[in-house]
Amino acid sequence: MADPFPPGAFVASDPLDWWRGGCEWVRCSARLQELWADRLGSAQARRDKRDARLASLLARARTHSRFLARHWSSAGPGAPLHALTPVTRGELMAHFDDWVTDPEIRLDNVRRFVADPARIGEAFLGRYAVWTSSGTTGVPGIYVQDEDALAIYGALLGAQADFAPTTDPRSFMGSPVRLALVAATGGHFAGIVWWQRLCRMYPLLAAHARIFSILEPLDALCKALDEWNPTSIASYPTVLTQLAAEQRAGRLQLAPRTLLSGGEALCETERRAIEETFGCSVVEDYGASECMNIAHSCRAHRLHLNESWVVLEPVDERMQPVPPGEPSFTVLVTNLANHVQPIVRYDLGDSVTIDAEPCDCGDERPTLHVSGRADDVLEFDAHHGEFVRVLPLAIETVLEKDSGLSRFQLTQTARDELRLRIEPGDSHERRRAFDRAQKALTRFLAKQGVAKPVRLHLEDEAPQIDRTSGKLRRIRTKTGSSADRAT
Ligand SMILES: [Zn+2]
């Protein structure tokens, strides 16, 4: 398989990137020290600092975000957080130019920026990071992060390495480090942007890092991973689960020392299967494009909330607080780190349970678990009676990028049959969208090694939200159970 990101792609084309890297290093180190000081201080001191950060974010939003000032006008000036009306991605994106607090940022120029894959990881307007997300609500999102937010995310990741159940650090001494990110490529997605930014700013890191695309056929992906033989792998739970299944089946021979899981919820059975297969710990990172690093796992495998920089409010259908121990209908997130595009009481759509019991690891911060969506791995017929498995995120990426669909639902009803639901609307536009989807899927599945033609039907119904999780499961099988989980 051709390396999707050859080493040359990582070399910083702009010497200013090195300068930015130096500045970010200084800012990140200061934030890391602050985090350690937070941990050593009392719970009251931590709450006071968080409240001060929240007050500063709300003041900035009220004075510089025309949309949020209007959105909160009925609550009156100085209203506390819980009195502010929650927001959805649809509302924020519909008022993008009024939402951001820097008037130089406009939806049209950000859209031009993210339309160019060559600019992934580049500093927008010389100072911001930009990433996009389709997510599960169906409305594409564009997120702009300021320099301080980026330093804070870096510090939270750095602090995570201290507290998470990583392998004995001595095992890394004297041996080369090879990092692998296995992700959906080709777009300005958060993980890829983060990775590419670091590689642009720190060329030494770039020499030890590779990105592997989940859009490649699974056997080619496994071959490329085997060749690179990574010491650390970062990916989504669905992908790590599938890689573990490949390893168990003898189609992969990896010996990683750390695994990082993010982007979706990792369930306990999956975590144990991945850890047993690869013989190393999985560090789980719970975050979203709207708020990186909401929580990360500890030695006791529980997710601790990064409460210094995130306010998380589990709520019911009427947006009323849900007590610890009970699963929420959705969760409102407030990101205290980023001031250029304030995320305040944002309806994330995840069902979250705050644990009622403290964690055995000794960390006093609240722990939580997430029941996110779980898209299914699809199976198709290949040559010689074999079959190929296709990762749900790969299909989602193809439908979004090549067909321009955002809100859709694809159900596999047989090995050679798929049914597509898209938003109701003009019949000609629906038909054109369906034709684009059919072309893109046919091309993609052929590349994956699918031997028989797969029939695609357009259904009249609109995509259906999952009643339990409140999320749109975009890729699913008729039975709802994926093949890999049975492996
Ligand atoms: Zn813990």
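**View 1. Strands β5 and β6 are joined side by side.** Strand β5 (residues 232-235) and strand β6 (residues 258-262) run parallel and are joined by four bridges. Helices (H or I, at least four residues) and strands (E, at least two) are DSSP runs, numbered from the N terminus, and two strands pair if DSSP finds at least two bridges between them. Opposite Ile-233 stands Leu-259 in β6. Helix α11 (residues 237-248) packs on the sheet and touches β3, β5 and β6; the direction of α11 makes about 140° with that of β6. Such angles run from 0 to 180 degrees between N-to-C directions, with axes as lines fitted to C-alpha atoms, for helices over the stretch in contact. Contact between two residues is counted if their C-beta atoms, placed from the backbone, lie within 7 Å.

The model is predicted: local features need pLDDT of at least 70, side-chain atom pairs count only at pLDDT 80 or more, and totals for chains, interfaces and linings use all residues. Residues are numbered from 1 along each chain as its sequence is written.

**View 2. The sheet has nine strands.** The open sheet has mixed pairing and the order β4-β3-β5-β6-β7-β8-β9-β14-β13. At its edges stand β4 (209-213) and β13 (351-354), each with a single partner strand, so one side of each has no neighbour in the sheet. On average, neighbouring strands are turned by 30° against each other, direction ignored. Helix α10 (residues 218-228) packs on this sheet, where it touches β3 (179-183) and β4. The direction of α10 makes about 170° with that of β4.

**View 3. Strand β3 is buried on both faces.** In a regular strand, side chains alternate between the two faces of the sheet. Leu-179, Leu-181 and Ala-183 lie on one side of β3 and Ala-180 and Val-182 on the other, and all are buried. A residue is buried if 20 or more other C-beta atoms lie within 10 Å of its own, exposed if 12 or fewer, and partly exposed in between, with C-beta atoms placed from the backbone. Five of the five residues of β3 are buried, so the strand is largely enclosed by the rest of the structure. Five bridges join β3 to β4, and the two run parallel. Three bridges join β3 to β5, also parallel. Ala-180 stands opposite Arg-210 in β4 and opposite Ile-233 in β5.

**View 4. Val-333 belongs to the largest nonpolar core.** A nonpolar core is a set of buried Ala, Val, Leu, Ile, Met, Phe, Trp, Tyr and Cys residues joined through C-beta atoms within 7 Å. This core has 118 residues, of which Val-130, Ile-214, Val-333 and Ala-394 touch the most other members. Helix α7 (residues 147-163) gives the most to the core, with eight residues. Domain 1 (7-371) and domain 2 (378-486) both contribute residues, so the core lies between them; the domain bounds come from an automatic or database domain assignment. Leaving aside neighbours within four places in sequence, the contacts of Val-333 include Glu-290, Cys-291 and Tyr-346.

View 5. Leu-125 has a phi of about 55° although it is not a glycine. Leu-125 sits in the loop between α6 (107-114) and β1 (129-133), and counts as partly exposed with 13 C-beta neighbours inside 10 Å. Asn-293, also not a glycine, has a phi near 50°. Asn-293 is in strand β8 (residues 291-297) and counts as buried, with 23 C-beta neighbours inside 10 Å.
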